Structure formats: C-alpha cells, structure tokens
Amino acid sequence: MASYELLHPWTDISPADAVALQQQLRSQVRILPPTGPLRTIAGCDISFNKFEETVYAGIVVLDLETLETIDEAGVVSTATFPYVPGLLSFREIPSLLEAWAKLTTEPDVVMFDGQGIAHPRRIGIASHGGLFLNRPTFGCAKSVLVGKYNEPAPERGSWSPMTHYRDVVGAALRTKNRVNPVYVSPGHLIDLETAIALTLRCDGKYRLPEPTRRAHNLVNTLRRNGSPYQQTTQPS
DNA sequence: GCGACAG
DNA sequence: ATCTTGTCGC
C-alpha cells in the first residue's frame, strides 16, 4: 500500500486560501506524454443530496483493453468546501482520496469528471488530483469552464482545440456522431493527444466515456440505496 | 462595469 | 450537482 505525500492540508481553507494554493501549485503540473504502459484506467465521481453536506465518492477501475471493471471503491464522507467555479478540486478531492485508499489496484491513469489545465489558473481538478496521485490524469468534462473553440466536425473522433489566452488548454471532442462534444484537457503527467486517445478508447454506448459513467452509477447507487454495510432506517 | 462560471 | 415526464428529432 503506497502512501502519498501531503502537498497541503484540505481543512480550514478559505476560497481565498484555495486560490493562493492553486497559484503556488500550478508550476508543479507537468504536461508531457506518459512514460510506462497504460493498462488500466480509473473513473471517479461524487454524488450528494442537494443542501446536504454528506457526499458519496467513488472510483471504478477498468481494463483499457477490454473495458471490463476490475476494481471499485466507494465511501460516504462529508464535504468541507462549497462548490465554487474554479475551486472544484477543494470540494471533491478529499473524499475521492478516501475512496482511492480503498482500491486494491493501482490505476495507471485517472479520468476526472471536470477540467485539467482548461482552468483559469491551469490547475483544475484533474491537474490537482494528479499532483496528489503522482500519475497520469486528465479531465473529461460535460461543459466548459474557460476557453473557446470552433465546433468540431459531426463525426465521432473529430475534435478542435480549446484556447484560453493564446494557450491550447484542451479539446472539444466528439465521442459519438452528431452528439455534443465532451471537453478533454490534460491533468498532469500526460499530453492532450494521449488524453483524447484514451477518451475514445473508453467508448461505450453513450456520450460520456465508460470510466466516468460507471463511477457516476456507483456513487448514485451508493447515495440512493446506501452502503451495504451502513445501517439505514427501515420503514415500519 | 457587465456577464460567465467544471460539479 | 440535484429535482423530474414527456417529448422532439434522427
């Protein structure tokens, strides 16, 4: 069981502190082709009931060759930070790290439900998560945070670069013919081309790639049906 | 100054 | 994100 260096604490952080931390951490993010084989990929997500602080976080690991689920872990935790555009990582990563600790495998690359460097300070949840996990990570989001792009061709696989202040920060990628694109951006220890290839490799029957969809299903099941080991009140 | 704004 | 049925379109 590996241990991960604590780059910084997650508690008692104000939004202003979080922004300052991002400015401090951004220089550590490395965008370059992955070294070493990529055989497994993890998808992660969190779910929660509106107005409640309890969050359900989960990670699903799939074999990149067969897309078969080979591992998964979920946790019931508490959110200590609100959702603030640009500061998503401070709300989701703490609980995701708890789920990560319960995995029995070490995913080679991690796909996040959000942005990587396609972020105002170039350190979205996928980049921030990559610094903690110290392995290739990238983001695959359903909508844009920052950046502009030209509509990619309607065929699956076509994509166009997303630009933010002269920087190419990601790509609008079509995962299905005639369906809205997803927004892919490098997180850490990976490059845009590889992130795009991995997203296409995880193709299933839907617009969103399988890792993200399965993680989403896992946390929603956890939220609605409860953890099998957690006592829930039964109706009389 | 006025909007935009991952999940 | 979450709350929700039907409905328009390929």
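Predicted model: local features only at pLDDT ≥ 70, side-chain atom pairs only at ≥ 80, totals over all residues.
Is Phe132 buried or exposed? Phe132 is buried, with a relative accessible area of 5%.

1. **The ring pair of Phe132.** By the rule applied here, the model holds 4 aromatic pairs. Trp10 has a relative accessibility of 12%, so it counts as buried, the limit being 20%. Ring pairs also join Trp10 and Phe132 with Phe81 and Phe90 in a cluster.

2. **Strand β4.** This strand covers residues 109-112. Val109 and Met111 point to one side of it, whereas Val110 and Phe112 point to the other, and all of these residues are buried. In general, side chains of a regular strand alternate between the two faces of the sheet.

3. **Neighbours of β4.** Strand β4 pairs with β1 in the parallel sense, over 3 bridges. Within this pairing, Ile41 is opposite Val109. Strand β4 also runs parallel to β5 (residues 137-141), again with 3 bridges between them. Here Met111 has Phe138 of β5 as its bridge partner.

4. **Surroundings of DNA strand B.** In the model, 19 residues surround DNA strand B, and the closest are Tyr83, Gly86, Gln115, Lys142 and Ser143. By class, this surface is made up of 9 nonpolar, 6 polar and 4 charged residues. Among the atoms of DNA strand B within 4 Å of the protein, sugar or phosphate accounts for 45%, and bases supply the rest.

5. **Polar contacts with DNA strand B.** Tyr83 places a polar side-chain atom 2.5 Å from a phosphate oxygen of DNA strand B. For Leu87, a backbone N or O atom is 3.3 Å from a base nitrogen. For Asp113, a polar side-chain atom lies 3.4 Å from a sugar or linking oxygen. The elements contributing two or more residues to the surface near DNA strand B are β1 (40-48) and α2 (88-101).

6. **Trp100.** Helix α2 also contains Trp100. This residue is buried, with a relative accessible area of 6%. Its C-alpha atom is 9.4 Å from that of Val75, a residue 25 positions away along the chain.

7. **Positive phi angles.** Most residues other than glycine have a negative phi. Asp12, which is not a glycine, has a positive phi of about 55°. Asp12 lies in the segment before α1 and, at 78% relative accessibility, counts as exposed. Leu189 likewise has a positive phi, near 55°. Leu189 is located in the loop between β8 (182-188) and α4 (192-201). With a relative accessibility of 22%, Leu189 counts as partly exposed.

Key
Residues numbered from 1 in each chain as written. Chains lettered and ligands numbered in written order. Heavy atoms only, no water. Near = heavy atom within 4 Å. Polar contact = N/O pair within 3.5 Å; in protein donor to acceptor, adjacent residues only side chain to side chain. Helix = DSSP H or I, 4+ residues; strand = E, 2+ residues; numbered from the N terminus. Nonpolar A, V, L, I, M, F, W, Y, C, P; charged D, E, K, R; others polar. Buried < 20%, exposed > 50% of the residue type's maximum accessible area, 1.4 Å probe, protein only. Pairing = 2+ DSSP bridges. Phe/Tyr/Trp six-rings, centres within 6.5 Å; stacked < 30°, edge-to-face > 60°.
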